[in-house]
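Keep the structure in view while reading.

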Amino acid sequence: MSASIDSTPGAVYRRLWGYTRKYWLMFAVGVAGVSLDAGMQAVFIGFVEPLIDRVFVEKDGAYGTWLAVGVMGVVLLRIIGFFAGNYGMEWTGRRVVADLRKELFNSYLQLPATFYDRNTPGQLISKLAYNSEQVAHAATKAVISAFRDILLLIYLVLLMLTTNARLTAVLLILVPVVALVVTVISRKFRKISRNIQDSMGDVAHVTEEAVIGQRVVKVFLGQETERNRFKRVNERTRRLHMRMVATHMLSSSIVQFAAGIALVTLMLVATRPSMLNEITAGTFTAIFFAMIATIPPLKRLTNVQSQMQKGIAAADSIFVVIDAEKERDSGDYAIDRVKGDVEFRNVSFQYDSSHRPVLEDISLRFPAGSVTAVVGQSGSGKTTLAGLLPRFYPYNEGSILLDGHELTDYQLSNLRRQIALVSQDVVLFNDTIAGNIAYGALADIDRQAIKRAAEAAYAMEFIEKLPEGLDTILGETGTLLSGGQRQRLAIARALLKNAPILILDEATSALDTESERAIQDALKEVMKGRTTLVIAHRLSTIENADQVIVLGEGRVIEQGTHEELLALGEAYARLYQTQFEGQ
Ligand SMILES: Nc1ncnc2c1ncn2[C@@H]1O[C@H](COP(=O)(O)OP(=O)(O)O)[C@@H](O)[C@H]1O
Ligand SMILES: [Mg+2]
């Protein structure tokens, strides 16, 4: 994913521009302010000619006083223009970027699981933090500067033309040079910018891994490896930045040189005898100053290009995500509560078309209210199978029916409302315990219900010992929990949801035998009346299941009750001997 649907700079500009339209009033204030600011700068230089010719050459002191009053007025107007211009433009730019960030974040919430398989969290965070800041910069500072400088240049040229058109013709030397620099260099800027952003993403990615994996890094003495990996991406970012700076310097120098030539030419032309008679000291000084005054905006303009290009590259990388295909949600069937009759018919699935199928020709039935235990070697496809039900991934072949309706016919949110899931790795949010149990759509549930769920999941016993009980904050800035405690909260969350379908993916793997036994009773209770898919690693769960399914390399290799399969003496019996016996 390197470019959005239409990633030409023009198209990206136009698209960003579309975000600005909403804030046209403040934008107009900004434009007016900046125009005033630039205009007054030119008027200021316009005072030079009368100051010399009339006040000093013709010795008109009274006029000098008037000019001083004029200067005061110009200064005041410039301040007003400067303030309104910057405020209006920054306000608009920041709004645009906040909108863009909001859209990007919304995309993150709606993208399919495959997207997260392809992009690392570090890269996605860097996009939100770093890339959108680049857009912010381009949309505020760079736009203000570009607009002001272009206006200023126009005013200065007008001033020179009205002062003496013939001398001003010298300026034409500058035009092709600057135009060339801007077009050639901007292309280069854009390319470097895109590389810088990618490499910032890599920096974030390497950092993320080192931080998340800090224990592994420590125990396996991986510091050197991590240092080297970081050094590489860090060094690459630095080099790219330096290339950017060098490009800057080059463009500034070329512009400066062109301006120098123009000034020299101006002096040579103006001091020729025929010209000397024609122009006054004031005219020459005014044009000379005006010309010098064009150099800073010209230099800034070529550099503004780099900021603009950074912004364009960044905006493009954000639009890529915003345009990325969201989770398919085309079904319109919705029901309050399904019975929970699930049927797989010849379902095959592969994560990636380039890989071999992870599930092949699966045909299964999970009758409403029954408990199915799924067992198999790790990597046999158990988690994948369970993940098809909430439609984390689209199945490629076959059909999955829930109460006789194809899963894809359901509204996605309606389907997911029917399913509670305790996954292998428990995710807790930076919130209170109560907030974590009553997460998302459960947020408004009453406190007694939360407490009952926590009790049923045998979580209340440790929650009660925490300083704030259910109101204890968890996560990075709060209390840290053990694996087993986290799992019990995840179970409480699933219990509270009270959904007709329950998926437990090794939900008790982190529990010690004692809490496991206790929770087993609770789980038995909640499985009642629910279609339960339990990916099991404990014998007791399997023994109590209505049916056991043995997966092997993505296929159903055995199916029956615990006793039947044990009597069969095949795959399940072997699995039983190696994994469960003695529990
Ligand atoms: N997100 C993914 N992208 C690509 N391949 C995956 C992904 N998740 C799992 N796999 C592969 O699918 C196979 C089954 O994995 P999984 O369903 O997690 O097995 P189990 O839960 O039985 O241990 C494995 O070979 C694994 O490498
Ligand atoms: Mg698994």
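A residue counts as buried when its relative accessible area is under 20%, and as exposed when that area is over 50%. Arg-391, with a relative accessible area of 10%, is therefore buried. The model is predicted. Its chain is divided into domain 1 (9-323) and domain 2 (428-498), and the C-alpha centres of these domains lie 51 Å apart.

**The largest pocket**

- Rolling a probe the size of a water molecule over the atoms shows where empty space is left.
- The largest pocket holds about 2,100 Å³ of space.
- Its lining consists of 46 residues, and the ones nearest the centre are Pro-390, Phe-392, Arg-416, Leu-421 and Tyr-439.
- Two or more lining residues come from each of these elements: α4 (61-110), α5 (113-118), α13 (382-388), α14 (412-417), β6 (419-422) and α18 (483-497).
- Both domain 1 (9-323) and domain 2 (428-498) supply at least three residues to the lining of the largest pocket.
- By class, the lining of the largest pocket has 26 nonpolar, 10 polar and 10 charged residues.

**Cavities**

- There are 3 cavities of 30 Å³ or more.
- The largest cavity has a volume of about 70 Å³.
- Around the largest cavity are 13 lining residues, with Ala-507, Thr-508, Leu-523, Val-534 and Thr-541 nearest its centre.
- Helix α19 (513-527) and strand β8 (531-535) each give two or more residues to the lining of the largest cavity, and α19 has the largest share, 4 residues.
- Sorted by class, the residues around the largest cavity are 7 nonpolar, 4 polar and 2 charged.
- The second largest cavity has a volume of about 40 Å³.
- The lining of the second largest cavity is made up of Gln-520, Lys-524, Met-527, Thr-541 and Asn-544.
- For the second largest cavity, α19 and α20 (539-544) are the elements that give two or more lining residues, and α19 gives the most, with 3 residues.
- The lining of the second largest cavity divides into 1 nonpolar, 3 polar and 1 charged residues.
- Thr-541 is among the lining residues nearest the centre of the largest cavity, and Thr-541 also lines the second largest cavity.

**Aromatic pairs**

- A pair of aromatic rings is described by the distance of the centres and the angle of the planes.
- The count of aromatic pairs comes to 13.
- One of these pairs is Tyr-19 with Phe-319, with 6.1 Å between the ring centres and 25° between the planes. Planes under 30 degrees apart count as stacked, so this pair is stacked.
- The pair of Tyr-19 and Phe-319 links distant parts of the chain: Tyr-19 is in helix α1 (residues 9-21), Phe-319 is in helix α12 (residues 281-323), and they are 300 residues apart.
- Tyr-19 counts as buried because its relative accessible area is 13%, and Phe-319 is buried because its value is 1%.
- Tyr-572 and Tyr-576 form a tilted pair, with 6.5 Å centre to centre and 35° between the planes.
- Tyr-572 and Tyr-576 are 4 residues apart in helix α22 (residues 571-580), so about one helical turn separates them.
- Tyr-572 is buried, at 0% relative accessibility, and Tyr-576 is also buried, with a relative accessible area of 16%.
- Phe-349, Tyr-351 and Tyr-393 are linked into a cluster by ring pairs.

**Charges over rings**

- Arg-15 lies over the face of Phe-319, 3.9 Å from the ring centre.
- The ring of Tyr-63 has the charged end of Arg-54 over it, at 4.0 Å from its centre.

**Positive phi angles**

- Most residues other than glycine have a negative phi.
- Lys-59 is not a glycine, yet its phi is positive, about 55°.
- Lys-59 is in the loop between α3 (48-57) and α4, and Lys-59 counts as exposed because its relative accessibility is 68%.
- Arg-391, also a residue other than glycine, has a positive phi near 60°.
- Arg-391 is in the loop between α13 and β4 (397-402).
- Are these two residues buried or exposed? Lys-59 is exposed, whereas Arg-391 is buried.

Conventions: Residues numbered from 1 in each chain as written. Chains lettered and ligands numbered in written order. Predicted model: local features only at pLDDT ≥ 70, side-chain atom pairs only at ≥ 80, totals over all residues. Heavy atoms only, no water. 1 Å grid on protein atoms, 1.4 Å probe; cavity = no way out; pocket = protein on both sides within 12 Å on 5 of 7 lines; lining within 4 Å. Points joined across faces, edges and corners; volume = space filled by probe spheres on them. Nonpolar A, V, L, I, M, F, W, Y, C, P; charged D, E, K, R; others polar. Domains from an automatic or database assignment. Phe/Tyr/Trp six-rings, centres within 6.5 Å; stacked < 30°, edge-to-face > 60°. Buried < 20%, exposed > 50% of the residue type's maximum accessible area, 1.4 Å probe, protein only. Lys NZ or Arg CZ within 6 Å of the ring centre and 35° of its normal.
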